[in-house]
Structures are given as C-alpha cells and as structure tokens.
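Please load the model below and keep it open beside this text. We will walk through it together, from the overall picture down to a few side chains.

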Amino acid sequence: GTLAGGMAHDLNNALAPVLLGTQLLRRKTEDVESRNLLALIETSAHRGAEMVRQVLLFARGHGGEFEQLELSPIIKEIEQMVRETFPSNVVVEKYLPADLWPARGNVTQLHQVLLNLCVNARDAMPEGGKLTLAADNVELSASEAAGIPEGQPGSYVSVMVSDTGTGMPPEVQAKIFEPFFTTKAEGRGTGMGLPTVLRLVKAHGGFMRLESTPGEGTTFEVFLPRATGAAAASAPIATEISR
C-alpha cells in the first residue's frame with residue numbers, strides 16, 4: 001500500500017503537464033483533426049488520473065465506487081478511441097441493442113477492462129483484421145452457466161470483444177490469466193493485462209468466457225450482473241450497428 005501510494009503521487013505529477021499541455025494546444029490550433037486527437041489525449045489522461053485515484057483508495061484500504069450505469073456510452077467511447085488510434089487495417093464493428101440493461105459497476109474499471117481486451121485483439125492481428133464490440137441482454141439458465149468457468153445462472157449484460165487474429169492453442173488458453181504469462185516478445189507485454197481484467201470482472205460480481213481457435217481468432221465475453229431493480233425496457237428492440 002505504501003509503495004502504491006508513492007507511485008500514484010508520482011504518476012499524478014507526471015499527468016498534470018500532459019493535461020495542461022493538451023488543453024493549451026487545443027486552444028491554439030484550428031485544425032479539426034489535431035483538435036480531435038488532443039481531445040482524445042486529454043480524455044485518456046483523465047482516465048489515467050482516475051486510475052491513479054483508485055490506486056490511492058486501494059492503498060488506503062478502500063475500493064472503487066460502484067454505481068448503476070449504462071454500458072453503451074462506455075462501449076462507444078472505446079470504439080472511438082480504437083478507431084482513432086489503432087492501425088487503419090483493423091476494421092471496427094459495433095453492435096448495441098437499444099434496450100441494453102443497466103449494470104452496477106465502476107466506469108473507470110470497466111473502461112480498463114474493455115481497453116485491455118481491445119489492445120490484445122489489436123496485437124493478435126499484426127496484418128490487420130476485424131475487431132467486433134458487441135453487447136446484449138442475457139438470461140443464463142443453470143445448464144448454460146455450468147458451461148462457463150465460475151458461471152452462475154441469472155440476468156446479465158454480456159459484452160463481447162472479438163477478433164479475427166492468430167487465435168490461441170489450448171495450452172496457451174490455459175495460462176493466459178496467470179500473472180506475468182505472455183506470448184509477446186520482450187518489451188511488448190508484461191503479462192498483467194488479462195489477470196487485471198479477470199480481477200476487475202470478478203470484483204463486479206461477473207465472470208468471463210473465452211473462445212479461441214488458432215488461425216481464426218479469439219472472443220472474450222464478459223458477463224456483468226444486471227443492476228438490481230432495473231426496469232425492463234418497453235420499447236421494441238433496435239440494434240445500433242456501426243462499421
């Protein structure tokens with residue numbers, strides 16, 4: 001906790017000039033593309049500052065704040081970031097139902113989960129491919145939940161990140177959630193991304209399903225419990241699809 005607290009303060013000091021610099025540059029430039037890129041940098045810096053705040057809370061013995069939230073805006077923000085920063089040979093598709101249930105969670109932590117999964121998908125497609133972000137309302141029966149590691153029956157919001165990359169053989173799939181395990185070259189990965197994802201998903205009371213075939217791609221599906229007491233949508237289902 002003491003080490004984490006000290007590092008968090010140092011990171012805060014490092015992020016401060018990034019935020020100030022991007023704000024000043026946005027005021028001085030008239031170029032639309034540059035302003036959009038600076039806005040993205042500023043948003044990411046704010047996310048980093050929020051993660052630092054959560055590290056400080058952890059160091060002091062407190063957890064992140066959870067609230068009822070809509071997942072569609074989070075997924076749309078991730079989609080925008082991916083479109084603007086990933087290579088142009090990565091095609092992005094998004095599928096969101098209009099009546100997506102709310103979940104209870106922490107915005108920054110869920111942003112971290114999805115961004116980690118998207119970055120892994122990008123790295124699995126060095127020659128390009130298709131990255132799909134999708135969400136849906138899911139009712140899991142006892143038999144369906146039994147087929148998912150640590151799955152439980154109930155009402156969930158499913159968020160899926162799928163790629164058409166290299167895929168993973170069974171022996172790699174068995175180890176990917178182990179801390180410091182990585183198939184990336186030295187300097188390209190720490191092996192902490194997916195263990196962090198799994199820890200955060202479990203902290204939300206959720207679980208994950210992994211499907212991967214060598215040469216065909218990988219799909220991570222995150223199941224987050226539906227927010228208690230959420231009213232069912234009365235409007236007919238309409239799906240937002242973007243490419």
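What share of the contacts in the protein with a separation of 6 or more is accounted for by residues 24 or more positions apart? The figure is 74%, where contact means heavy atoms within 4.5 Å. Before going on, a word on where the numbers come from. This is a predicted model, in which local features need pLDDT of at least 70 and side-chain atom pairs count only at pLDDT 80 or more, while totals for chains, interfaces and linings use all residues. Residues are numbered from 1 along each chain as its sequence is written, and side-chain values use heavy atoms, with hydrogens and water left out.

Now for the overall picture. The protein has 7 helices and 8 strands; these are DSSP runs numbered from the N terminus, with helices being H or I of at least four residues and strands being E of at least two. Of the 243 residues, 40% are buried. Here buried means under 20% relative accessible area, exposed means over 50%, and partly exposed is in between, using a 1.4 Å probe and protein chains only.

Val 18 sits in helix α1, and it counts as partly exposed because its relative accessibility is 34%. Leaving aside residues up to four places away in sequence, Val 18 touches Ile 41 and Ala 45. Val 18 and Ala 45 are 27 residues apart in sequence, yet their C-alpha atoms are 7.1 Å apart in space.

Glu 42 belongs to helix α2, which covers residues 32–59. Is Glu 42 buried or exposed? It is buried, because its relative accessible area is 10%. With residues up to four places away in sequence not counted, Glu 42 touches Leu 19, Thr 22, Gln 23 and Arg 26. With Gln 23 there is a side-chain polar contact of 3.2 Å; a polar contact is a pair of N or O atoms within 3.5 Å, and within protein one must be able to donate a hydrogen and the other to accept it, while residues adjacent in sequence count only if both atoms are side-chain atoms. With Arg 26, Glu 42 forms a salt bridge whose closest N and O atoms are 2.6 Å apart. That pair links distant parts of the chain, Glu 42 in helix α2 and Arg 26 in helix α1 (residues 2–28), 16 residues apart. Arg 26 counts as partly exposed because its relative accessibility is 28%.

That brings us to salt bridges in general. A salt bridge is a side-chain nitrogen of Lys or Arg within 4 Å of a carboxyl oxygen of Asp or Glu, and by this rule the count comes to 7. One of them joins the side chains of Lys 94 and Glu 79, at 2.9 Å from N to O. Lys 94 lies in strand β2 (residues 90–97) and Glu 79 in helix α3, so this pair ties together parts that are 15 residues apart in sequence. Both Lys 94 and Glu 79 are buried. A network of salt bridges links Glu 79, Arg 83 and Lys 94.

Glu 93 counts as buried because its relative accessibility is 9%, whereas Lys 130, at 34%, is partly exposed.

On a 1 Å grid over the protein atoms alone, a cavity is a set of points where a 1.4 Å probe fits but cannot get out, and lining residues have an atom within 4 Å of a point. Grid points are joined across faces, edges and corners, and a volume is the space filled by probe spheres set on the points. How many cavities of 30 Å³ or more are there? The count is 1, and the volume of the largest cavity is about 70 Å³.

Which elements each supply at least two residues of its lining? They are α3 (72–85), α4 (107–123) and β7 (217–225), and α4 gives the most, with 3 residues. The lining includes Ile 74, Leu 110 and Val 222. It divides into 9 nonpolar residues, no polar and no charged, with Ala, Val, Leu, Ile, Met, Phe, Trp, Tyr, Cys and Pro counted as nonpolar, Asp, Glu, Lys and Arg as charged, and the others, Gly among them, as polar.

Methods
1 Å grid on protein atoms, 1.4 Å probe; cavity = no way out; pocket = protein on both sides within 12 Å on 5 of 7 lines; lining within 4 Å.
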